[in-house]
Amino acid sequence: MTSHVPNEARVIPLRPQAARPGARPAAPPVPPERRPPTVREPLWRDLVGDVLRRERLDQERTLKEVAEAARISMPYLSEVERGRKEASSEVLAAAAGALGLSLGDLLARAQGELVRLTSRHTGAGARRSTPTPGARFDGMCLAA
């Protein structure tokens, strides 16, 4: 038999007890007031929800009307519009179709919002060449 005790945990320290010889001391942490502000990129579900809600309101339609046309429950569509639910592509296609949009239209508008918001915060828009009016973007990649 082994000398291992089955109910005894082995503790492995995350930090060494003594500093390694020749190692430089760690820099002190930067206080929060001196840290550069961090900008949180918007979530995809927030962008898609904003586009759906904006389009519904522009058409002066109620949540109930669109939910019935899309065959989605009204509370679920409300959650999608508020960015609380990560909707499947089938649900997004149904909601977009109820608003007279294709799934591609919905996703392209959300992508446009993402580009607009992130370029404003990162300044990337200034480095890019501006597309010609009516220019079309033929690519989008989504990963889950």
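Of the 144 residues in the protein, 23% are buried, where buried means under 20% relative accessible area, exposed over 50% and partly exposed in between, with a 1.4 Å probe and protein chains only. This is a predicted model, in which local features need pLDDT of at least 70 and side-chain atom pairs count only at pLDDT 80 or more, while totals for chains, interfaces and linings use all residues. Residues are numbered from 1 along each chain as its sequence is written, and side-chain values use heavy atoms, with hydrogens and water left out.

The protein has six helices and zero strands; helices (H or I, at least four residues) and strands (E, at least two) are DSSP runs, numbered from the N terminus.

Helix H3, residues 74-81, has Leu77, Ser78, Val80 and Glu81 as its buried residues. They lie on the same side of H3, because they cover an arc of only 160° around the axis, the arc being that of the directions from the helix axis to the C-beta atoms. The buried residues of H3 pack against helix H1 (44-58), helix H2 (63-70) and H4, and just after H3, Gly83 takes a positive phi of about 75°.

Leu101 counts as buried because its relative accessibility is 10%. Leaving aside residues up to four places away in sequence, Leu101 touches Glu55, Ala96 and Arg109, a contact meaning heavy atoms within 4.5 Å. Leu101 and Leu52 are 49 residues apart in sequence, yet 9.7 Å apart in space, C-alpha to C-alpha.
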